[in-house]
Amino acid sequence: ERGREEVHKEPVSQIQWILNPYSKGEPGKTKFYLVSAGNDGRILIWDIVPRQSKLKLIDSYVLLTQSVPRRLRISKARGDTPMGATSLAFSHENRSLFIAGTEGGGVFKCSLLEDPQTDSVQPRSSPITFSFVPHHGPVYGASCSPYHRNLLLTSGTDATIRLYDMLQSKPILTVEPGPGYIFKTQWSPARPLVFGAATGDGNVIICDLKASQIAPVLKLEHGKDKPVYSMEFNTKRLDVLASGDGGGCVKVWQ
């Protein structure tokens with residue numbers, strides 16, 4: 001039975017599989033771990049114990065307000081106040097580097113420490129190493145470029161998609177495709193300047209920064225009066241993507 005300190009205390013907002021970030025590229029250590037993030041600000045790293053049919057907590061972190069420079073803080077909360085995580089994106093080149101978006105609008109570059117904390121269930125200090133200029137509302141989408149190690153996309157309820165360089169706090173480009181929330185954004189696995197997004201006004205949009213930095217080049221009408229909450233490119237069949245809306249409808253586009 002797991003203790004309360006070993007689990008999330010509020011809803012889990014994100015689940016992702018990651019390659020072992022502690023292996024440092026060593027051969028034979030390419031196992032996967034599970035990462036969960038929640039509205040309690042906790043980010044937990046889990047290992048699977050197949051024979052026992054359970055998850056083993058191997059590391060834990062918590063996003064704390066005190067890690068954010070005062071000029072970039074969204075609220076006047078105390079420094080030890082956790083920030084709820086609403087999106088995660090791991091780097092394609094550095095297994096220990098990831099981006100966290102929060103319900104307050106914060107966007108943070110974070111890092112897992114080199115060695116797992118297997119002997120304690122208490123969360124480590126905040127993993128935040130760098131803070132970006134925040135969104136004006138929850139950040140529901142984050143995606144690290146598979147082509148450029150420092151390019152990052154985020155999206156949220158302020159109806160913007162932002163392009164950041166991970167070495168700069170301010171976005172290098174902001175796209176405002178329409179009035180609706182943007183619940184998901186993702187880089188295309190096929191073309192380095194193309195990305196897609198799921199919008200609150202019922203569309204899936206495709207943007208090509210080479211063709212236009214202002215407007216989408218393609219708009220797929222998913223359905224009327226139903227927000228599109230999710231979209232995903234197929235990494236094997238590069239001309240296919242799927243999307244799902246608030247009415248329970250899933251569509252596959254080609």
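Strands, which will come up throughout, are DSSP runs of E with at least two residues, numbered from the N terminus. What you see is a predicted model, in which local features need pLDDT of at least 70 and side-chain atom pairs count only at pLDDT 80 or more, whereas totals for chains, interfaces and linings use all residues. Residues are numbered from 1 along each chain as its sequence is written, and side-chain values use heavy atoms, with hydrogens and water left out.

Let me start with isoleucine 48, which sits in strand E3, residues 42–49. Its relative accessible area is 38%, so it counts as partly exposed, a class that lies between buried, under 20%, and exposed, over 50%, with a 1.4 Å probe and protein chains only.

Is methionine 83 buried or exposed? With a relative accessible area of 13%, methionine 83 is buried, and its place is the loop between strand E4 (54–62) and strand E5 (85–90). Although methionine 83 and leucine 64 are 19 residues apart along the chain, their C-alpha atoms are separated by 6.0 Å. Leaving aside residues up to four places away in sequence, methionine 83 touches several others, among them Gly41, Val68, Phe108 and Ile128, where contact means heavy atoms within 4.5 Å.

Finally, the sheet: four strands, in the order E9-E10-E11-E12, form an open, antiparallel arrangement, where two strands pair if DSSP finds at least two bridges between them. Strands E9 (139–144) and E12 (173–175) stand at the edges with a single partner strand each, so one side of each has no neighbour in the sheet.
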